[in-house]
Amino acid sequence: MNPIIIIGSGLAGYNTAKELRKLDTATPLLIIANDSSPFYSKPMLSNALTSKKTPEAIALNTPEQMATQLNATVRAHTRVDAIDTAAHTLRIGDETLAYSKLVLALGADQIRLQINGSGADNILTVNDLDDYARFRSTIAGKKRIAIIGAGLIGCEFANDLATGGYGVDIIDIAPQALGRLLPPEGGALLQARLAALGVQWHLGTSVQTVDRAENGYAVKLANGNVLRVDVVLSAVGLKPRTALAAAAGIQVKRGIVANRHLETSAPDVYTLGDCAEIEGLVMPYVMPIMHATRALAQTLAGKRTAVTFPAMPVMVKTPACPTIVSPPATGAAGTWQVEATADGVKSLFIAADGKLLGFALNGTATAERAKLAAQLPPVLA
Ligand SMILES: Cc1cc2nc3c(=O)[nH]c(=O)nc-3n(C[C@H](O)[C@H](O)[C@H](O)COP(=O)(O)OP(=O)(O)OC[C@H]3O[C@@H](n4cnc5c(N)ncnc54)[C@H](O)[C@@H]3O)c2cc1C
């Protein structure tokens, strides 16, 4: 019998395997990934300094331990080059492997902005544990770091680095932090709290060039300022990895298109995680992955199962200003109602009929998280 093959050893790939093994201990299982394939929790990467975790300590299990635990074969550092959906095979270099069912858990790439300058090639991104190990060794003994992007990952790194004693400059073209997730009042509180830790904000401007300078880099901003830093980290968003699927003729839009059964347009090929667009939704967070793995495992074990997504608030790991967001669905009609105190901002996105469609809570307002989450509509019923 040909194995079930999972491409990807991130939270989506490994957790699908874990859930499958609860239902089916026997079907041959092969996990292939082109990174070093430890089992780890990616969200830990942006608060590892504060939690005093080295890259080695973040890796919870080696690929060998995962293989034993899952009764599976794990092939790390192995890139899948092509898929033949008609033949039910995939290609790795000159090698062809047959699958019974295939799971695409390919993740997403960090978007790289077009930035000129002699130091532009040295701009770092952190999207997996290997990247993080590189980042940690690069910042050792350094003092000042520029972060491009004041979204969730940029703000989390800003908090972590500032707490760890680094000087931080954070740059975003938007006029506020977390502009896609929070109304301005919430952004302002987060900015003030991080500024109190020493974070310098450069909002409403962009990076024009990054040039090598003595002992570091000169980062030139569109507003004319030039920042002198030791390291530049970019965190401007993610792009689902769709190329492998697209080349195989599998339908892709923003992500690899899947229905609520996590089925792609090709027979016996499924997708989930950061690479997937499930019923039109791209949700690059842990909770959607956990819901999807449980449904997909049922399907792989023979019981075709649809995924449902409840409301899934995301905690932004900025302890300087605790923040929890549950943004309204794209295009939802409603208005933000904001109550701000000195220590907290409660922002509720309310429809014309009074129903709560989303929220963003900062500081002391996060205490209301559970009560408000219970009122939210499901993301996918
Ligand atoms: C710094 C950081 C902090 C985060 N914090 C949070 C948080 O607090 N809360 C939250 O909910 N989410 C958070 N996220 C998002 C969350 O971590 C991701 O949604 C999740 O880890 C994605 O898992 P994945 O398995 O889909 O993708 P990945 O972990 O990216 O795994 C993709 C896998 O596919 C493999 N692969 C890709 N292409 C190929 C190929 N052609 N051949 C072989 N292998 C291939 C890769 O090698 C990798 O093993 C954070 C993300 C980052 C980067």
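A hairpin and a helix pair

Strand 20 and strand 21 form a hairpin, with 6 residues between them. Helices (H or I, at least four residues) and strands (E, at least two) are DSSP runs, numbered from the N terminus. The model is predicted, so local features need pLDDT of at least 70 and side-chain atom pairs count only at pLDDT 80 or more, while totals for chains, interfaces and linings use all residues. Residues are numbered from 1 along each chain as its sequence is written, and side-chain values use heavy atoms, with hydrogens and water left out.

Val-316 has Thr-323 as its bridge partner in strand 21. Strand 21 also pairs with strand 24 (residues 356–363), in the antiparallel sense, over 4 bridges. There Ile-324 stands opposite Leu-361 of strand 24.

In a regular strand the side chains alternate between the two faces of the sheet. From strand 21 (residues 323–326), Thr-323 and Val-325 point one way, Ile-324 and Ser-326 the other, and all are buried (under 20% relative accessible area, 1.4 Å probe, protein chains only).

Elsewhere, helix 1 (residues 11–23) packs against helix 8 (residues 286–300) at an angle of about 40°, their axes 8 Å apart. Axes are lines fitted to C-alpha atoms, for helices over the stretch in contact, and angles run from 0 to 180 degrees between N-to-C directions.

Methods
Buried < 20%, exposed > 50% of the residue type's maximum accessible area, 1.4 Å probe, protein only. Pairing = 2+ DSSP bridges.
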